[in-house]
Amino acid sequence: METSTTITDMDADSLAECGRYLDLQDLSNMAMSCKFLKTVAYSDSIWQRWFSEHCPLQMPSTFSQASGVRESYLARRTALRQFKFVDPLAAIFRTEAKPFNHLLLDKNNNIVFSQGSMIQMIKMSSFFSGRDFLVTLNDHKARITCMRLFPLSETSLFRSETQEEENVLVTSSCDHSIRLWRKGSCQRCFRGHNGPVSTLSDKLLGDGSGKVFASGGEDGTVRLWSLSSSGKRGQQALKATLYGHTKPVKLMSVAGLFRSYGSHTLESWLTSYQKSAHLIRRSGGRCHCLYVLKLFSGIIQSKS
């Protein structure tokens with residue numbers, strides 16, 4: 001006589017592994033079918049996934065040992081729907097007793113900051129999992145003047161679609177260099193300024209694979225660099241050098257225009273870099289002249 005096998009003949013661990021792929025409605029239906037499947041549907045291994053997806057920064061130690069992960073998830077979900085929030089996580093990170101010059105927060109909630117010539121990165125995912133979370137980058141030999149985050153997909157380091165959301169860190173320094181960082185090390189070093197590099201553009205310019213970023217220096221020049229250049233030293237990265245400032249370039253911005261600022265002049269640099277610059281005199285205030293140069297598909301303005 002043949003005997004039939006039902007789903008309840010499977011062991012609880014195997015069922016719980018299958019249950020991790022169910023949505024909340026299916027889990028609810030499973031729990032209402034019988035006592036055995038209710039026990040499986042309430043298991044921590046299933047609800048750990050839901051808690052991690054909706055509360056990725058919640059530390060595992062905060063789960064109540066008495067109530068389990070399911071009850072912790074439901075309590076958290078209910079509190080959010082009722083606009084109830086707990087106090088945010090407070091953590092104190094000890095660093096060297098030096099002033100902070102720059103501070104960034106990337107897409108993965110990592111904290112990047114500079115002190116003098118040193119860059120440090122706090123990896124929050126490692127911090128929450130109890131692993132080593134502090135990364136130190138110290139290839140610069142003098143004070144860091146600017147830090148920017150640019151998409152990895154617009155550099156020669158991009159390899160696959162899985163890296164679409166990743167960024168690279170670009171820094172400038174008084175040691176006359178610009179460096180590109182990824183995965184805790186320097187991947188490119190750009191050199192060309194005849195003095196300290198004082199600022200970097202806040203966005204990239206150009207279209208497709210030909211995008212560049214701009215730098216301004218105390219030598220009074222604005223320089224354009226390709227992120228697609230290969231080689232550790234970034235050979236062939238310098239695409240153009242723009243002259244016109246008589247004093248150090250202090251600040252830059254890109255918003256339809258690319259602008260660089262200093263103490264006396266404002267310069268605008270327009271799209272495609274083969275054409276010569278046009279000088280337009282302006283009077284009043286601290287801005288004495290406007291230089292217009294065709295560069296790419298926007299205008300760069302700079303002030304010195």
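Glutamine 115 has methionine 118 of strand 3 as its bridge partner. The model is a predicted one, so to speak of local features takes a pLDDT of at least 70 and side-chain atom pairs count only at pLDDT 80 or more, while totals for chains, interfaces and linings use all residues.

Methionine 118 in strand 3 is the bridge partner of glutamine 115. The model is predicted, with local features requiring pLDDT of at least 70 and side-chain atom pairs counting only at pLDDT 80 or more, while totals for chains, interfaces and linings use all residues. Residues are numbered from 1 along each chain as its sequence is written, and side-chain values use heavy atoms, leaving out hydrogens and water.

Glutamine 115 itself belongs to strand 2, which covers residues 111–115. Helices (H or I, at least four residues) and strands (E, at least two) are DSSP runs, numbered from the N terminus. Strand 2 and strand 3 (residues 118–122) are antiparallel and share five bridges; two strands count as paired if DSSP finds at least two bridges between them. With a relative accessible area of 1%, glutamine 115 is buried. Buried here means under 20% relative accessible area, exposed means over 50%, and partly exposed lies in between (1.4 Å probe, protein chains only). Setting aside neighbours within four places in sequence, glutamine 115 is in contact with Thr95, Glu96, Lys98, Pro99, Phe100, Asn101 and Gln120, where contact means heavy atoms within 4.5 Å.

Zooming out, strands 1-2-3-4 make up, in that order, an open sheet of four strands with antiparallel pairing. Strand 1 (102–105) and strand 4 (134–137) sit at the edges with a single partner strand each, so one side of each has no neighbour in the sheet. From one strand to the next, the twist averages 15°. For these angles, axes are lines fitted to C-alpha atoms (for helices, over the stretch in contact), and values run from 0 to 180 degrees between N-to-C directions.

Another open sheet of four strands has the order 5-6-7-8, and its pairing is antiparallel too. Its edges are strand 5 and strand 8 (185–191), each of which pairs on one side only. Neighbouring strands here are turned by 25° against each other on average, ignoring direction. Strand 5 and strand 6 run antiparallel and are joined by seven bridges; proline 151 has asparagine 167 of strand 6 as its bridge partner. Strand 6 is mostly covered, with six of its seven residues buried. The hairpin of strand 6 and strand 7 has three residues between the strands, and in it histidine 176 takes a positive phi near 80°.

What about the hydrophobic side of things? A nonpolar core is taken as a set of buried Ala, Val, Leu, Ile, Met, Phe, Trp, Tyr and Cys residues joined through side-chain atoms within 4.5 Å. The largest one has 16 residues, of which Phe150, Val170, Ile178, Leu180, Phe190 and Phe213 touch the most other members. Strand 5 (144–151), strand 6 (167–173), strand 7 (177–182) and strand 9 (197–200) each put in at least two residues. Not counting residues up to four places away in sequence, leucine 180 touches Leu157, Val168, Leu169, Val170, Ser185, Cys186, Gln187, Arg188, Phe190 and Leu227. There is also a second, separate core of 14 residues, including Ala16, Ala41, Trp50 and Tyr73.

Now for the helices. In helix 4 (residues 44–54), Ile46, Trp47, Trp50 and Phe51 are buried. These buried residues fall within an arc of 130° when seen down the axis, so they line one face of helix 4; the arc is that of the directions from the helix axis to the C-beta atoms. They pack against helix 1, helix 2 (24–33), helix 3 (35–41) and helix 5 (68–81).

Helix 1 buries Leu15, Ala16 and Gly19. Those residues cover an arc of only 100° around the axis, which puts them on the same side of helix 1. Their cover includes helix 2, helix 3 and helix 4. At the start of helix 1, a side-chain oxygen of aspartate 11 comes to within 3.2 Å of the backbone nitrogen of aspartate 13. Alanine 12 is part of helix 1 (residues 12–19) and is partly exposed, at a relative accessible area of 37%. Beyond neighbours within four places in sequence, alanine 12 is in contact with Phe36 and Val40. Alanine 12 and leucine 37 lie 25 residues apart in sequence and 8.3 Å apart in space, C-alpha to C-alpha.

Terms used. Polar contact = N/O pair within 3.5 Å; in protein donor to acceptor, adjacent residues only side chain to side chain.
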